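Have the sequence and the model open side by side for this one. We will walk through it together, one kind of contact at a time.

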Amino acid sequence: MSKSATHREFKDRLYGQYAVIGKAIANPRRLEIIELLAQSERTVESLAEETATSLANVSQHLQGMRQARLLESRKQGLNVYYRLADPNVFVLSIAIRKVAEQRLAELDRLVHDHFSDRSKSKAVPMADLLKLSRSGKATILDTRPENEYLSGHIAGAISAPAEEFRRHLKKLPKDKEYVAYCRGPYCIYADQAIEILRSTGRKAKRLEAGFPEWRAAGFPIATGLILKPTAKVGLKGGSK
């Protein structure tokens, strides 16, 4: 076999391996699962509930991605928990999203129609939030479910889940400025919190991205300890 033929065979096999990853994520539900697992590890049952998909279908999606070595799992009691095998799996999903945002006009129309209220204010870039946090000029609110906050959150952020946000409202001073974030740019938790904050006369903006994007950018994160709103909440999300 000639050298050129050998190299051709190598190229065919090389791109075939790349295609294994492409095939493993070429499904809208699988891309959603990757975004959810970027928040925290999850069971099949929780993923099925979150994505409104049957257990059988979710299991099939998970096994397909696991076979492509995109996911890992661990067993605890009767439950099996899935997680991303590598941070670059989420980075790959970000790349797909960015190309779609830049090239697909239908996506732009879809987002505009669904989030039309966002045109009223500009989102805060991640680099700007880092500066605001370090200077103590903004209180950061994590509006995701508490288990996701515990798994990882922006350093100094207060846990204020959207589903119980009104319960925490009275503990958030009206003379502070707030930046809320959630799972990503198309998550509605932060929007819901901002709407409530603004309706009560508080200044609030949305982070342009979510926690996974913040972590992927290498900005400061924390895990474990829950910071909750208090009557004397500090500007950096802690208590005085």
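What follows looks at one strand and its neighbours, then at salt bridges, and finally at aromatic rings.

## Before we start

This is a predicted model, in which local features need pLDDT of at least 70 and side-chain atom pairs count only at pLDDT 80 or more, while totals for chains, interfaces and linings use all residues. Residues are numbered from 1 along each chain as its sequence is written, and side-chain values use heavy atoms, with hydrogens and water left out.

Let us begin with strand β7, which covers residues 177–181. Helices (H or I, at least four residues) and strands (E, at least two) are DSSP runs, numbered from the N terminus. Four of the five residues of β7 are buried, so the strand is largely enclosed by the rest of the structure. Buried here means under 20% relative accessible area, exposed means over 50%, and partly exposed is in between (1.4 Å probe, protein chains only).

β7 has paired strands to look for (two strands pair if DSSP finds at least two bridges between them). Strand β4 (residues 139–142) runs parallel to β7 and is joined to it by four bridges; T139 has Y178 of β7 as its bridge partner. Strand β8 (residues 203–206) is also parallel to β7, again with four bridges, and here V179 stands opposite K205. Together with helix α10 (residues 189–199), β7 and β8 make a right-handed β-α-β unit. Right-handed means that, with the strands pointing away from the viewer, the path from the first strand over the helix to the second runs clockwise.

## Salt bridges

How many salt bridges does a search of the whole structure find? There are 13, each being a side-chain nitrogen of Lys or Arg within 4 Å of a carboxyl oxygen of Asp or Glu. One of them joins R8 and D12, whose closest N and O atoms are 3.1 Å apart. Both residues sit in helix α1 (residues 3–25), four residues apart, or about one turn of the helix. R8 is partly exposed at 46% relative accessibility, and D12 is partly exposed at 48%.

Another salt bridge brings together E213 and R97, at 2.9 Å from N to O. E213 belongs to helix α11 (residues 211–216) and R97 to helix α5 (residues 87–103), so this pair ties together parts that are 116 residues apart in sequence. E213 is buried, with a relative accessible area of 6%, and R97 is buried at 17%. D191 and R118 also meet in a salt bridge, at 2.8 Å from N to O. This pair links distant parts of the chain, 73 residues apart, with D191 in helix α10 and R118 in the loop between α6 (105–114) and α7 (126–135). Both D191 and R118 are buried.

## Aromatic rings

Three aromatic pairs turn up in a search of the whole structure. Rings of Phe, Tyr and Trp (its six-membered ring) pair if their centres lie within 6.5 Å; planes under 30 degrees apart count as stacked, over 60 as edge-to-face and the rest as tilted. The rings of Y15 and Y18 have centres 5.4 Å apart and planes at 80°, so they form an edge-to-face pair. Both lie in helix α1, three residues apart, and Y15 is partly exposed at 46%.

Two arginines lie over ring faces: R74 over Y81, at 4.6 Å from the ring centre, and R118 over F115, at 3.8 Å. A charge sits over a ring if NZ of Lys or CZ of Arg is within 6 Å of the ring centre and within 35 degrees of the ring normal.
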